[in-house]
Amino acid sequence: MQEKKKIAIIGCTGSIGTQTLEVIEQNLDKFEVILMSAHNNADLLIAQALKFVPNTVVVTNEEHYTKVEEVLWQEDIKTFAGEKALEDAVQMDEIDLVVAGIVGYAGLMPVIKAIEAGKNIALANKETLVVAGEIITKLAQEKGVNIYPVDSEHSAIFQCLAGEWDNKIEKIILTASGGPFRGYSAEQLKSVSKEQALNHPQWQMGDKITIDSATMMNKGLEVIEAKWLFGLQPEQIEVIVHPESIIHSLIQFEDGAIKAQMGLPDMKLPIQYALSYPKRYKSNFKRFSFADYSSLNFEKVNTDVFSNLKLAYESIRIGGNLPAALNAANEIAVSKFLDDKIKFHQIALINAAVLDKIDRIQQPSLEDLVLTDKKSRELADQLY
Ligand code: MG
């Protein structure tokens, strides 16, 4: 019998984490969960741990430690608390693959620690590469670590690249659903509600990424993520709106051939591929049928209305610490919007203002990026 791949899931109670557990549950002969972490959702973490019985559980919000520990010790599951504990835990010898499902900047340090320990990464946390893409890709190369994309667009590119490793990419085309406000004018965006913004037409996801999809910042972050994952220049990355979300992204090679990966929008497929690569495992995910779709549509993004996408391109063209600043500003802006403190269109205004105000550093160290993140959050906090 083939040995089971030992999986660590950081951020296991979020959207990616729970879907990763669904994939694992369908493939218990191939995968085993060895480490789980969550921040706030102690009840779900306990339930998941009792079901999958990992070796170790980390609850990064220390307030929940006692509650979690007092249940899990009875099952011989080791429980630790705090962010430092997670940074240590991801280095455990037994781990084969770390699934990074934590949302936002909080995913950065555990991912770096896991790479330092030589662990392969299934990366759902795009913010990690947005903040520190250069440092992380360099470190991964040094350590011989593979980073498997979980983001559906990047997984699509990765799947299209199978067997093409030596062939040069001319460009890639990332598809975007356009979100709930596709076709809106800048004026219309000023009066949209939180409920509308949280109601994504195609994908069921966490709140942060759903708002990012509505503002198109998600696509902007994905452009930056793609630059690092596939070693591309900004000019080689295009974005096209594709409302049906069936084509998950495309590559154009140097001979002009275009390859695309298609399927119904379901994150479990990219998650499973990141876990099973280079193999494909049989699944019961719902199949796409051409007969159900009389047409697939494509349109250009209006970056005058969805200016976040423009800001993302600008941040990688200038480079240095700007993408980190953009990410931090956006995290604050989105949380302010979710807390009803600002209006939807002000998210992009905050992002633009922070990019403008932050001191630029051309070759930032990790410490510089940590400081940039902190300063950008303070700047964003003071706006509106
Ligand atoms: Mg995506």
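A pocket is an open set of grid points with protein on both sides within 12 Å along at least five of seven lines. In this predicted model, the largest pocket holds about 610 Å³ of space. Its lining is made up of 22 residues, and those closest to the pocket centre are His-39, Thr-60, Ile-102, Val-103 and Ala-106. By residue class, the lining of the largest pocket divides into 10 nonpolar, 9 polar and 3 charged.

Thr-56 belongs to strand β3, which covers residues 56–59. Is Thr-56 buried or exposed? Its relative accessibility is 3%, so Thr-56 counts as buried. With neighbours within four places in sequence left aside, Thr-56 is in contact with Ile-34, Leu-35, Met-36, Ile-77, Lys-78, Phe-80 and Met-92.

A search of the whole structure gives 1 cavity of 30 Å³ or more. The volume of the largest cavity is about 60 Å³. Residues that line the largest cavity include Ser-152, Glu-153, Trp-203, Lys-219, His-242 and His-248. The elements giving two or more residues to this lining are α7, β8 (169–176) and β10 (247–253). The lining of the largest cavity consists of 3 nonpolar, 6 polar and 2 charged residues.

Lys-168 sits in the loop between α7 and β8. With a relative accessible area of 57%, Lys-168 is exposed, because exposed means over 50%. Leaving aside neighbours within four places in sequence, Lys-168 touches Phe-253 and Glu-254. Lys-168 and Gln-252 are 84 residues apart along the chain, and their C-alpha atoms are separated by 9.2 Å.

The aromatic residues come next. A pair of aromatic rings is described by the distance of the centres and the angle of the planes. There are 12 aromatic pairs in the structure. One of them joins Phe-158 and Tyr-273, with 6.0 Å centre to centre and 70° between the planes, an edge-to-face arrangement. This pair links distant parts of the chain: Phe-158 is in helix α7 (residues 152–161) and Tyr-273 is in helix α12 (residues 268–276), 115 residues apart. Both Phe-158 and Tyr-273 are buried.

A second pair is formed by Phe-288 and Phe-290. Why is the pair of Phe-288 and Phe-290 edge-to-face? The ring centres of Phe-288 and Phe-290 are 4.8 Å apart and the planes stand at 75°, and planes over 60 degrees apart count as edge-to-face. Phe-288 has 21% relative accessibility and therefore counts as partly exposed, whereas Phe-290 is exposed, with a relative accessible area of 58%.

Elsewhere, lysines lie over aromatic faces. Lys-30 is placed over the face of Tyr-281, at 4.5 Å from the ring centre. Lys-227 lies over the face of Trp-228, at 4.7 Å from the ring centre.

Conventions:
Residues numbered from 1 in each chain as written. Predicted model: local features only at pLDDT ≥ 70, side-chain atom pairs only at ≥ 80, totals over all residues. Heavy atoms only, no water. Phe/Tyr/Trp six-rings, centres within 6.5 Å; stacked < 30°, edge-to-face > 60°. Helix = DSSP H or I, 4+ residues; strand = E, 2+ residues; numbered from the N terminus. Buried < 20%, exposed > 50% of the residue type's maximum accessible area, 1.4 Å probe, protein only. Lys NZ or Arg CZ within 6 Å of the ring centre and 35° of its normal. Contact = heavy atoms within 4.5 Å. 1 Å grid on protein atoms, 1.4 Å probe; cavity = no way out; pocket = protein on both sides within 12 Å on 5 of 7 lines; lining within 4 Å. Points joined across faces, edges and corners; volume = space filled by probe spheres on them. Nonpolar A, V, L, I, M, F, W, Y, C, P; charged D, E, K, R; others polar.
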